[in-house]
Amino acid sequence: MYLNAPVLALPVAKRQPPAPGLRSFHPLASSPPCDFHLLNLRMLQAEDDTLPSAEVALILHRKGFDCGLEAKNLGFNCTTSQGKVALGSLFHGLDVGFLQPTSLTLLYPLASPSNSTDIYLEPMEVATFRLRLG
């Protein structure tokens, strides 16, 4: 993944005094399974601009592997989940209120909202979900 998304180091002029540091925020309790890549996790725009939105967009990609590889030994130091992820245990200190699969643009719901936080993706599938975290 480093070759696909290298780290961008942006130089900054040190003419201004440093801004006060922000508190770090680590929403994930653990890394996603090896066969999943978290493409984006972002807040959605709220109806009222003065309040933060209660919903987030989660875009996941399940990687595909060569058919010649055995499912039990993919050469990783971690295990795959065979396409299953429990989003309820993925976030640290945040409960998933509801989960709704949507189109990649988040404009069209693909299914009704669900209280179940377990999802399944086929290899090489990209999926977008609307979540309410609390």
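Colleague: Is D118 buried or exposed?

Modeller: D118 is exposed, because its relative accessible area is 54%, where exposed stands for over 50%, buried for under 20% and partly exposed for in between, with a 1.4 Å probe and protein chains only. Keep in mind that this is a predicted model, in which local features need pLDDT of at least 70, side-chain atom pairs count only at pLDDT 80 or more, and totals for chains, interfaces and linings use all residues. Residues are numbered from 1 along each chain as its sequence is written, and side-chain values use heavy atoms, with hydrogens and water left out.

Colleague: What does D118 touch, leaving out residues up to four places away in sequence?

Modeller: D118 touches V85 and A86 on that count, contact being heavy atoms within 4.5 Å. D118 itself is found in strand β5, residues 118–120, a strand being a DSSP run of E with at least two residues, numbered from the N terminus.

Colleague: Switching to the sheet, what is the strand order?

Modeller: The order is β1-β2-β6-β4 in an open sheet of four strands with antiparallel pairing, and two strands pair if DSSP finds at least two bridges between them. β1 (36–43) and β4 (96–102) stand at the edges with a single partner strand each, so one side of each is left without a neighbour in the sheet.

Colleague: How many bridges join β4 and β6?

Modeller: There are six bridges between β4 and β6 (residues 126–133), in the antiparallel sense, and F98 stands opposite R132 in β6.

Colleague: And T102, buried or exposed?

Modeller: T102, whose place is in strand β4, is buried, with a relative accessible area of 4%. Apart from neighbours within four places in sequence, T102 is in contact with Y108, P109, L110, T128, F129 and R130.

Colleague: New topic: how many salt bridges are there?

Modeller: The count comes to three, taking a salt bridge as a side-chain nitrogen of Lys or Arg within 4 Å of a carboxyl oxygen of Asp or Glu. One of them joins R62 and D35, with the closest N and O atoms 3.2 Å apart. R62 lies in strand β2 (residues 55–62) and D35 in the segment before β1, so this pair ties together parts that are 27 residues apart in sequence.

Colleague: Which residues are linked in a network?

Modeller: E55, R130 and R132 are linked in a network of salt bridges. The closest N and O atoms are 2.9 Å apart for R130 and E55, and 3.0 Å apart for E55 and R132. E55 counts as buried at 14% relative accessibility, whereas R132 counts as partly exposed at 38%.
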